[in-house]
Amino acid sequence: MDSEQRRKRKRLGRSYSLPAKYYYLSRRSLILCFSFFVFLLFLSSGRFRTASFRPVITASSTTLSLLSSTAHNSVLDSFAHRNDSSPVKVQDRVLFPDHVLLIAAGRLNGELDCVYRRFNGSDEVAFAVKPVLSTESYDEARSIVRCPLPFGNYSSAVDLRRCGGKHDWTARINSTVDAASPWDKVVYEAVIDDDTAVVFVKGLNLRPHRKSDPTRLTCHFEIGGGFELATEAVTAAQEVVRCLLPKSISNDPDKALGIRVTIGYNTGHPRAPIHVTLPSVATLHSPKPKLVKEKKHELCACTMLWNQAPALSEWIMYHAWLGVERWFIYDNNSDDGIEEVVSDLDSQGYNVTRQSWPWIKTQEAGFSHCALKAREECTWVGFFDVDEFFYFPKEFRKRGKTGIPGENSLGKLVSNFSNSPTIAELRTDCHSFGPSGLSSHPSQGVTAGYTCRLQSPERHKSIVRADLLDVTLLNVVHHFRLREGFRHLNVPEGVAVINHYKYQVWETFKAKFYRRVATYVVDWQEDQNQGSKDRAPGLGTEAIEPPNWRLRFCEVWDTRLKDYILTYFADPSTGSLPWERRAQLR
């Protein structure tokens, strides 16, 4: 190689007897080529890139192959070879309405870029780069990365690179990269439950709030790079399908972890059906915790939220006093620092875990998932939101051992039915509170700030026996279907009621217009079901503050919970509440 380069240099240094015209043209061509080369180097160096869009290179695959073979003359080299970081392996992609979700192998550290490609012809490809929106751990083996939507004619087959990472992108020019699966048709989660697989899926369009016929559905398990094993579905309801595990997997469930699973169904004419399988990003995992307590928690709570980190401490601290021992927080794409709040609460002994749940409009399925997870640790599980607070009219007037009435009121309520042969669900009515004349969020929290409500209760929320739910895990957010032979009990208002701080000050309330988390509740931007109780009465489809919003939804002044909180929880010298003080320390 060295002798060859020396021969090249000698040849370049020789004198040639050329006419002056040809000599002039040769020099001019050399200068033009050199200038163009320098221009390309400037483009690839990143000096002219913006934060929102960074073009990388456009070239044919042949040209790129030639460029990559010359270590010192490659424009792509300046994009791809910056240090010795390993490439990021993207396993799956899902196309959402406002971003592309990438599922990558392992835990990701350091800054990442989203890499987009566009094919301009049979052998020409263009690359462009944008910063990632967010990155987080998803489970023990995978991470998730959110990227901006593709722009122009760029493909949804988005890739990842480490900022400044060394990776030969020319090797991927001719490789096949799968486009993102559309969110409305994809299998997104799968859990092992004894000898069955519980699979969560979009695109089957099963009827809401009822069981469906499972006989047309099958589960397909990927063994060795393809879906080779299939079993029939045994139940189906909404977005949850349960299938028997193949014998080879059920005999050794630990080896089944990480196996990809999808759903198949028959379509077309009944006499000549076509069996179709849905795209899948779901791999089997176990809901069982690594360390199982000898004795289950008597009462746990599960909720799904989006960008409600500021409300979490008040909700958890208050209900912990009432007897909740364990918390499952399903985080639906928050970007408001909820990880820090959860970590802080857990460090104080509140036993809180956050489950990343990137699947939009899947609250019912998420609650089914949480029921499986909580069943291993809890006797009772409450499913209610972070703006809903239990109140016990009688118990809050009785002084306990500590001198503060109401301690463990909720825990004692559920424990009264833990050995019941028939009761498996407790339903409590909700009273909806309005802005109560306020124009800004109350500094001491919702329990001390909102004091005016509607007279009649709206809806209810439930606490269920996790081991006595119907095998379908069917729920409508407010309550679950129970096993045959068990029933629910309506808790009298004189015993307990839920203060639902539903209609808060406009700055807080308008976030509901972004997206509803429930599957079968229409988003408020859509002009449908405007008379439903799931919408604010008289509110349109745009996030525009109505006249006199702060005075609406006020029929009864109810200060009972506020009085209780300020009497027994406020610091005697400063008047501050525990969640206020904790927020100040962060």
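Mentor: Buried means under 20% relative accessible area, exposed over 50%, and partly exposed in between, using a 1.4 Å probe and protein chains only. This is a predicted model, where local features need pLDDT of at least 70, side-chain atom pairs count only at pLDDT 80 or more, and totals for chains, interfaces and linings use all residues. Residues are numbered from 1 along each chain as its sequence is written, and side-chain values use heavy atoms, with hydrogens and water left out.

Trainee: Why is the pair Cys302 and Cys370 called a disulfide?

Mentor: A disulfide is a pair of cysteine sulfur atoms within 2.5 Å. The sulfur atoms of Cys302 and Cys370 are 2.4 Å apart, so the pair meets the cut-off. The link is right-handed, with 140° about the S-S bond.

Trainee: What does the pair of Cys302 and Cys370 tie together?

Mentor: Cys302 sits in strand E19 (residues 297-305) and Cys370 in helix H9 (residues 363-375), so the link ties parts 68 residues apart in sequence. Helices (H or I, at least four residues) and strands (E, at least two) are DSSP runs, numbered from the N terminus. The protein has 14 helices and 29 strands.

Trainee: How many disulfides does a search of the whole structure find?

Mentor: Five. Count the bonded cysteines along the chain, and the pattern reads 1-2, 3-4, 5-8, 6-7, 9-10.

Trainee: What makes Cys114 and Cys147 a disulfide?

Mentor: Their sulfur atoms are 2.0 Å apart, so they fall within the limit. The link is left-handed, with -90° about the S-S bond. It joins distant parts of the chain: Cys114 in strand E4 (residues 112-119) and Cys147 in strand E7 (residues 142-147), 33 residues apart.

Trainee: Why is Cys114 called buried?

Mentor: Its relative accessible area is 0%, so Cys114 is under the cut-off. Cys147 also has 0%, and is buried.

Trainee: Which way is the link of Cys219 and Cys243 handed, left or right?

Mentor: Right-handed, with 75° about the S-S bond. The pair links distant parts of the chain: Cys219 is in strand E13 (residues 217-222) and Cys243 in strand E15 (residues 240-244), 24 residues apart. Their sulfur atoms are 2.1 Å apart, and both residues are buried.

Trainee: What is the strand order in the open sheet of five strands?

Mentor: The order is E6-E7-E3-E2-E9, with mixed pairing. Strands E6 (134-137) and E9 (181-182) stand at the edges, each with a single partner strand, so one side of each has no neighbour in the sheet.

Trainee: How do you know that E3 and E7 pair?

Mentor: Two strands pair if DSSP finds at least two bridges between them. Six bridges join strand E3 (residues 100-105) to E7, so the two count as paired, and they run antiparallel. In E7, Cys147 is the bridge partner of Val100.

Trainee: How much of the protein is buried?

Mentor: Buried residues make up 49% of the 586 residues.
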